[in-house]
Amino acid sequence: MTKYKRKAQPSVAFYNNPENRAIIYQIVALAAIFLFTYFVLNNMFINIEKRGINTGFDFLGNEAGFGILQTLIPYDESNTHGRVFLVGLLNTLLVSGISIFFATVIGLLIGIGRLSKNFMISKLSMIYIETFRNIPILLQILFWYNVVLASLPSPRQSLSYLDSVFFNNRGLYIPKPVLEGGFITVIIAFVLAIIAVLYLNKWSKRRHDETGEDFPIVLTSTAIIIGAPTLVFFISGMPASLDFPALKGFNFKGGITFIPELLALAFALSIYTATYIAEAVRAGIEAVPKGQKEAANALGLKDYIILKKVILPQALRVIIPPVINQYLNLTKNSSLATAIGYPELVTVFAGTSLNQVGQAIEIILMTMAVYLIISIVISLVMNYFNAKTRIKER
């Protein structure tokens with residue numbers, strides 16, 4: 001028999017190998033990034049040296065010399081720029097937290113109302129979404145601050161509720177709780193109540209999986225969290241009192257004050273972001289197959305049971321990702337507070353402090369790092385919540 005020799009495969013050139021080309025492209029791209037970064041930083045330091053600009057973070061220990069309208073920690077003009085940074089950061093977290101809470105509540109209600117069978121509720125929800133979503137957020141902030149809040153009465157003609165809560169063009173005044181030494185027992189009772197609710201929630205889920213019976217976990221948990229600390233509060237002799245705001249001179253003294261800048265910014269951010277959250281809720285609910293809703297109705301389940309057990313668990317997979325983006329946008333939009341003078345991070349630190357010390361690089365980098373860290377934390381928390389609430393396949 002004739003033996004045939006296998007023909008040798010032609011060798012592939014090094015560059016023609018797709019794997020080799022991919023490595024080469026990555027090395028070239030990485031080198032280009034390093035060279036560009038080196039060029040930018042080197043050029044920056046050369047220009048700084050030519051202009052005699054001071055660098056470093058020593059300015060954080062210098063006296064600020066200016067006041068701040070609202071502070072959550074003690075502050076006066078003799079404090080440092082580092083203290084100004086903390087004050088601005090806390091004010092940013094305050095307005096972001098308040099706005100995220102109310103935007104979530106409003107967005108959930110409007111999103112469900114958008115799908116309501118009631119004609120009026122559905123159309124009013126649609127009008128709300130289309131109106132506030134299409135007006136720039138900066139204009140809304142200016143409107144609520146310069147038009148709505150500015151038209152409120154003066155402190156002497158304040159709108160009041162039970163002579164304890166007062167609302168005027170200088171802000172909202174509510175009673176301030178004053179805690180005494182024995183209040184620590186109430187705090188301990190509250191923490192223990194939360195731990196009890198967590199264990200009760202696990203027990204109710206296990207009981208439902210074994211028997212199929214539902215346990216009124218929401219009502220029971222609410223009763224435990226509210227009832228236990230309240231009972232301990234009265235047993236321990238009510239170790240707390242209220243400091244009521246009172247009109248003294250031309251303004252109110254005492255209590256807790258919410259300045260108009262905070263109210264206008266939080267209100268505008270809440271109702272603006274709620275429109276996008278509402279649309280995410282609507283899209284998530286409509287993404288649930290119609291057949292599952294019909295099957296649940298055929299089983300005779302009540303509407304709230306269908307919403308809780310069938311629709312929302314599946315809709316959350318669609319709702320949460322865009323809601324995360326809206327939370328991030330809301331936090332970053334809080335920097336628009338500089339338009340009305342609310343003392344958040346950009347206004348007092350990247351604004352007033354920057355104008356005084358002139359070290360733009362350090363201040364801007366610190367401000368950017370704050371917003372980056374806040375965004376990362378929000379993303380991690382919401383992604384964890386998304387992972388815990390998603391439907392686990394058997």
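The points below are grouped by topic.

This is a predicted model, in which local features need pLDDT of at least 70 and side-chain atom pairs count only at pLDDT 80 or more, whereas totals for chains, interfaces and linings use all residues. Residues are numbered from 1 along each chain as its sequence is written, and side-chain values use heavy atoms, with hydrogens and water left out.

**Helix H7**
- Thr273 is found in helix H7, residues 260-286 (helices are DSSP runs of H or I with at least four residues, strands are runs of E with at least two, and both are numbered from the N terminus).
- Thr273 is buried at a relative accessible area of 2% (buried means under 20%, exposed over 50% and partly exposed in between, with a 1.4 Å probe and protein chains only).
- Setting aside residues up to four places away in sequence, Thr273 touches Ala103, Gln326 and Leu330 (contact means heavy atoms within 4.5 Å).

**Loop between S1 and S2**
- Leu162, in the loop between strand S1 (159-161) and strand S2 (165-168), has a positive phi of about 55° although it is not a glycine, and counts as exposed at 65% relative accessibility.
- Asp163 is found in the loop between S1 and S2; Asp163 is not a glycine, yet has a positive phi of about 55°, and counts as exposed at 61% relative accessibility.

**Helix H10**
- Helix H10 (residues 345-357) spans only 16 Å between its end C-alpha atoms, while a straight helix of 13 residues would span 18 Å at 1.5 Å a residue (the expected span is 1.5 Å times one less than the number of residues).
- The buried residues of H10 include Leu345, Phe349 and Leu354.
- Glu344 caps the N-terminal end of H10, with a side-chain oxygen 3.1 Å from the backbone nitrogen of Val346, and H10 is followed by Gly358, whose phi is positive, near 75°.

Note on methods:
A polar contact is a pair of N or O atoms within 3.5 Å; within protein, one must be able to donate a hydrogen and the other to accept it, and residues adjacent in sequence count only if both atoms are side-chain atoms.
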